[in-house]
Amino acid sequence: MSATLQQEKQLFLENRKEDALQAAQSVALQMSCGIDLQQALNAPAEKRASIAAKLTRLIKRERLKGLNKHWSYDINRHIALKQAQTRLLQLL
């Protein structure tokens, strides 16, 4: 396999992985708190800061569910919320 084709394959796989992460984060935000990730990322800095604060509260709530072994705890939702929060904070 040529080097160019190998690089294109690697780039494609990385893009697919990034798209899957963004989809998981979008679904977690939409289901948990009714926030559209794309709109949050494109929002002004003040709005992003308030959304990040809301995510902090949701992550704490999710963490408490996990510690108490609550039946509705979902580690994938917890991870996706944390990743979405990290992306928002990087833009501030």
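Helices (H or I, at least four residues) and strands (E, at least two) are DSSP runs, numbered from the N terminus. With that in mind, select Ser2, which lies in the segment before α1 (3–33). What you have open is a predicted model, in which local features need pLDDT of at least 70 and side-chain atom pairs count only at pLDDT 80 or more, while totals for chains, interfaces and linings use all residues. Residues are numbered from 1 along each chain as its sequence is written, and side-chain values use heavy atoms, with hydrogens and water left out.

Stay with Ser2 for a moment and colour it by accessibility. Ser2 counts as partly exposed because its relative accessibility is 43%, where buried means under 20% relative accessible area, exposed over 50%, and partly exposed in between (1.4 Å probe, protein chains only).

Next, show the whole protein as a cartoon. Along the principal axes, the C-alpha atoms fill a box of roughly 50 × 35 × 20 Å, and 25% of the 92 residues count as buried.

Now select Glu62, Lys65 and Arg77, which are linked in a network of salt bridges. A salt bridge is a side-chain nitrogen of Lys or Arg within 4 Å of a carboxyl oxygen of Asp or Glu, and the structure holds two of them. Side chains of opposite charge can pair when their charged atoms come close. In the bridge between Glu62 and Lys65, the closest N and O atoms are 3.8 Å apart, and both residues lie in helix α3, three residues apart, about one turn of the helix. The side chains of Glu62 and Arg77 also meet in a salt bridge, at 3.1 Å from N to O. This second pair links distant parts of the chain, with Glu62 in helix α3 and Arg77 in helix α4 (residues 75–91), 15 residues apart. Glu62 is buried because its relative accessible area is 4%, whereas Arg77 is partly exposed at 23%.

Remain on helix α3 (residues 45–67) and select Lys54, which is found there. Lys54 gathers with Lys47, Arg57 and Arg61 in a patch of positive charge on the surface. Patches are made of residues with over 30% relative accessible area and no salt bridge, and like charges are joined within 9 Å, nonpolar side chains (Val, Leu, Ile, Met, Phe, Trp, Tyr) within 5 Å. Lys54 itself counts as partly exposed, at 32% relative accessibility.

Finally, move to Lys69, whose place is in the loop between α3 and α4. Its phi is near 55 degrees, a positive value in a residue other than glycine, and Lys69 is exposed, with a relative accessible area of 72%.

How values were computed: Accessible areas come from the Shrake-Rupley method with a 1.4 Å probe; for residues, only the protein chains shown count as cover. Lys and Arg count as positive and Asp and Glu as negative; His and the chain ends are not counted. The place of a charge is taken as NZ of Lys, CZ of Arg, CG of Asp or CD of Glu.
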